[in-house]
Amino acid sequence: MKRSISTVLFLVFCIIFPITYVRQGSALMGPNNAATDSQLTIYTYESLLDDPGFDYIGAFANYSGISKDAINLVLMDDANSIVSQATLEKDSPVADVLIGLDNVLVHTAKEKDILQPYNSPALSNISNDLISNLDPDKYLLPYDYGIISLFYDSHWFNDTVVPNLDNLTLQDLADLDLDKKLIIEDPTLSSTGLGFLLWTIAVFGDPTINFDGILGQDWRSWWDTTKDDLRIAPSWGAAFSEWWDAPQNRSLMVSYGTSPAYSAVLYDDPSQSAWISHENNSSNAWLQIEGLGLVKNAPHESLAKDFIDWFLSTELQDHIATNNWMYPANIHAAIDPVFASSSINPDDVNILNNLLTPTIIAQNLDQWQTDWETVIAGNWNSISGFPVGWLIFGMIGVVSIIFLNRKYRN
Amino acid sequence: MNFSDSLLDKNQNLSKKWEKQINTGFIIIAVVLLVSFLLGLFYLPLIRIFSYAFNPSMGTSTETPPSFFSVIFQPLNLGSIIFSFKQAFISMLFCVVLGLPTGYFISHYKFPGKRFFVNALTIPFILPPIVVLFGFIITYGDQGWLNLWWIRTLGNGHSLIKLYGTSEGIILVHIFYNLSLIIRMSIPAWELLDYDQVHVAQTLGARPFLVFRKVIWPQIKNYILSAAIMVFIYCFNSFAIAMYLGEAKLQTIEVRIYKLIKINLKFGNGAILAILQLVFNTAFIILYLWLEKHTRQMAENKESQFIASSFHFKNTSWVNCLKQIGAILYLLAIGFFSFSPLIAVIILSFTPFGPEISPFWGYQQLFSSTNLNLLGTSTFNLIKNTLLFATCATIITIFISLLIVFILRNRFNRINNYRTSIVENVLNFSIILPMATSSITLAVGLFLQFKSTALYTSQGWILIILCHALISIPFATRAIMASYNRIDLELLNVASTLGASRLRIFWKIELPLIRKGLLVGAIFAFAISIGEFGATSFLARADFSTLSLGIGKLLSSRTLQLPASMATILLLITFLSFYIINVIGGKNK
């Protein structure tokens with residue numbers, strides 16, 4: 001009897017304890033929440049303004065008069081993580097400002113309903129084109145922009161190695177086997193890589209949705225012919241380290257039109273260049289616009305608005321070009337003359353974003369990414385020409401030998 | 001006199017009773033602690049995954065509810081399932097083929113530094129995948145030493161090994177990683193082999209292959225198969241390696257789950273794949289446990305009578321000479337294969353990446369007072385985090401594992417009850433299930449469960465430590481249990497009869513006897529925590545990043561010297577930690 005009572009008590013305890021423990025866990029931790037002892041929480045990606053580095057948190061603390069410790073800067077791996085984190089916290093937002101979403105990710109962010117529109121007074125210094133190409137509804141406000149390009153070192157890649165380099169098309173890359181020199185980023189993991197995917201879609205078109213693009217072909221066939229030659233890196237950083245490490249091996253990488261400025265400005269080395277494709281007698285490129293936005297139901301809305309205004313003012317924008325290596329959105333922001341001369345200005349090229357409008361992207365992005373992965377993974381069925389069928393056959397063989405062995409023994 | 005006697009008696013009775021109460025109390029506390037730990041950190045998150053998989057309303061957007069089969073038969077997912085099986089099977093096959101002879105040679109020959117050699121072969125197994133990858137890229141990558149040498153010798157411009165985007169690359173790294181597992185497990189198999197039978201068979205005229213198939217294989221089969229299944233499970237759940245080398249072309253289920261949940265925010269689809277992976281893993285683990293039980297039964301009552309011979313070239317036939325030279329060459333080749341990536345990392349860290357740069361530049365950079373922007377924090381902070389996480393995870397792991405062992409082996413109420421109870425079976429299985437759960441699935445569960453609590457948003461390091469502990473507990477428990485099972489039951493019964501309390505028995509008899517198991521468990525936990533990449537990268541943010549995540553980030557710096565320096569630091573810390581754990585655990589022996 002006694003034992004049964006203790007058993008019952010014990011079982012009840014077993015069930016109740018963990019539940020209270022989990023509940024209490026969150027309740028006890030609640031007051032420690034970073035949001036209460038900081039006045040502003042910012043989510044961004046790690047490499048924002050980091051090379052050689054501008055301390056934007058310190059600068060904003062100086063400007064606004066709040067202590068630097070009161071600003072909680074959370075660095076995520078990449079812009080995707082910012083969106084997923086903010087989505088998960090949608091019901092009780094922690095962050096006030098999200099920095100680093102681009103003109104593709106903005107669709108996801110709007111679909112997930114994590115931002116609220118903010119008509120900042122600072123927008124008067126930003127060109128209307130940029131605003132409408134990023135987000136006319138002003139959920140996300142542009143702070144910098146630049147075109148996606150193929151980045152190369154002219155020691156390894158120049159007019160003598162590849163004649164008529166400046167007038168090549170994307171198709172020429174494949175035809176001349178230059179894709180064997182190319183490192184791209186996985187478009188499902190990296191926004192730079194996604195920009196390149198959209199570049200190919202805008203150029204070749206997509207017959208499945210009756211989108212002609214420039215050439216009226218199918219972007220999938222370009223990827224299908226090149227997939228075995230390309231090197232696909234998981235991130236821009238990984239791509240860069242490979243490109244840098246062995247330029248004679250892979251001398252082209254998907255990067256930005258502003259990338260050559262880095263070595264030109266910092267090391268006085270003008271040898272790096274950027275390439276964009278040249279279909280139908282115009283230079284075509286995909287424009288990436290990065291923006292920051294106010295979180296819906298942000299806990300510290302007014303300070304967050306101050307921060308956004310400040311981020312778009314020249315006080316910060318002056319540092320964009322030579323720390324984030326993109327063109328600043330603010331038209332009055334200072335741009336180093338070396339930076340301007342060594343990078344491709346988006347104003348000088350045909351921007352493909354006008355062709356591939358935000359509506360088309362929003363409708364098809366998911367399918368495009370899945371299609372891309374399917375095209376790329378096309379050869380999963382064989383291992384260097386070694387079909388799976390043989391393997392299964394071999395497996396059956398091994399298993400049967402084991403069983404036969406057992407039979408003989410008994 | 002009589003009165004005091006009875007008083008004494010009564011007192012004794014009372015204290016006996018109290019003791020019994022205290023013991024019961026202890027066990028109840030232990031069970032509650034264990035159950036709440038497992039329930040709160042494993043089963044509730046697992047249920048959360050299930051609810052995401054089967055209840056579309058849990059999703060964050062208005063995504064259409066994915067059906068189980070449509071998710072599995074989606075070409076990309078199906079491809080990842082097939083690829084997981086394929087690469088794991090081939091890796092396992094190669095590991096066995098390469099590992100069996102190595103184990104044979106090591107067990108058959110004595111040579112100076114043999115113990116060191118065997119221990120050193122184990123190093124790759126405990127290394128973080130990111131360091132292994134890094135070393136591999138230096139040695140075997142497109143511009144790696146081997147390929148450069150190959151191109152220079154042949155001059156035709158084709159590299160020997162293509163590491164990126166090919167199954168060969170992934171399989172090669174997996175072999176490197178898991179080879180030591182087979183070698184380690186096959187050494188006792190070869191040593192316990194009954195060589196009399198082999199000789200008899202040979203005398204009776206059996207050809208070598210027949211001897212192997214009919215005499216040797218049945219004896220070593222279980223050892224090899226259980227080790228092979230272990231290798232299979234590791235390869236099946238590979239994450240970092242498949243992520244970096246597979247490009248987007250080759251994805252394991254683990255990579256697929258990561259992408260679906262972390263990148264595409266399709267929680268339902270990811271959860272369904274996670275469940276499928278869990279089912280597969282559980283099947284493998286059950287097979288492994290079944291084989292292991294047989295192995296243990298076979299190993300019982302067996303003493304190794306085998307004496308290894310040293311190499312001798314005088315007074316012996318040339319066939320024997322040739323055999324020995326072959327063995328030496330083979331061991332050297334395996335040694336080269338296993339050590340070259342590690343040595344490559346160390347050499348690279350001292351190779352200046354440009355003129356006028358000192359060989360120590362990487363270290364100077366890492367330890368200079370200024371924070372490296374790329375890391376988001378200082379190197380000291382990373383080292384501190386890594387060691388702190390590993391130490392905490394090890395302590396928690398050992399504590400929980402001891403609790404489990406304490407409960408499972410507690411014969412307090414059941415000294416006459418030799419039948420294993422249902423409770424014990426359930427408990428056994430509920431402890432093994434975390435072992436069958438891949439680290440990404442664990443992290444996903446913890447993430448979905450705690451994502452909106454402050455535990456994740458501001459105190460994420462707790463979650464990382466608990467996740468590490470959860471991953472290592474099944475291994476540590478098995479290690480401790482193995483040494484526990486060797487304790488002579490009589491010893492405990494005698495102590496109990498002499499009036500020692502349960503706790504006292506545990507403290508005075510059992511604990512000293514399971515020291516070696518504890519040590520192995522601790523090393524396992526520490527190594528897992530130091531090297532863990534998948535779950536940590538899922539849960540960590542810049543402020544509590546670890547060394548292995550730091551190396552991943554430094555790969556994008558403009559020099560390979562920096563990541564190589566950090567990888568060397570990680571190697572050094574790993575060695576030192578193991579040395580210290582060994583010293584602490586090994587004293588008073």
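What follows is a walk through selected local features of chains A and B. The model is predicted, so local features need pLDDT of at least 70 and side-chain atom pairs count only at pLDDT 80 or more, while totals for chains, interfaces and linings use all residues. Residues are numbered from 1 along each chain as its sequence is written, chains are lettered from A and ligands numbered from 1 in the order in which they are written, and side-chain values use heavy atoms, with hydrogens and water left out.

Buried stands for under 20% relative accessible area, exposed for over 50%, and partly exposed for what lies in between (1.4 Å probe, protein chains only). Strand β5 of chain A (residues 141-153) runs antiparallel to β8(A), joined to it by 5 bridges; strands count as paired if DSSP finds at least two bridges between them. Tyr152(A) has Leu252(A) as its bridge partner in β8(A). Strand β6 of chain A (residues 182-185) pairs with β8(A) too, in the parallel sense and over 2 bridges, and here Ile183(A) is partnered by Met253(A).

Aromatic rings are next. Across all chains, a search of the whole structure turns up 51 aromatic pairs. The rings of Phe, Tyr and Trp (its six-membered ring) pair if their centres lie within 6.5 Å, with planes under 30 degrees apart called stacked, over 60 edge-to-face and the rest tilted. Phe60(A) and Trp310(A) make a tilted pair, at 5.3 Å centre to centre and 55 degrees between the planes. Phe60(A) sits in helix α3 (residues 56-64) of chain A and Trp310(A) in helix α12 of chain A, so the pair ties together parts that are 250 residues apart in sequence. Both Phe60(A) and Trp310(A) are buried, and they belong to one aromatic cluster whose members include Tyr56(A), Tyr63(A) and Tyr143(A).

Asn297(A), not a glycine, has a positive phi of about 55 degrees; it sits in the loop between β11 (287-295) and α12 (301-312) and counts as exposed because its relative accessibility is 55%. Trp325(A), again not a glycine, has a positive phi of about 60 degrees in the loop between α14 (320-323) and β12 (327-328), but Trp325(A) is buried, with a relative accessible area of 10%.

Over in chain B, helix α11 (residues 253-263) has 11 of its 11 residues buried, so it is largely enclosed by the rest of the structure. Just past α11(B), Leu265(B) takes a positive phi of about 55 degrees.

Helix α13 of chain B (residues 318-349) holds Val319(B), which counts as partly exposed because its relative accessibility is 45%. Val345(B) is in helix α13 of chain B as well, but is buried, with a relative accessible area of 0%. Neighbours within four places aside, Val345(B) is in contact (heavy atoms within 4.5 Å) with residues including Val131(B), Phe134(B), Ile138(B) and Ala564(B). Thr295(B) is 50 residues from Val345(B) in sequence and 38 Å away in space, C-alpha to C-alpha.

Note on methods: Helix = DSSP H or I, 4+ residues; strand = E, 2+ residues; numbered from the N terminus.
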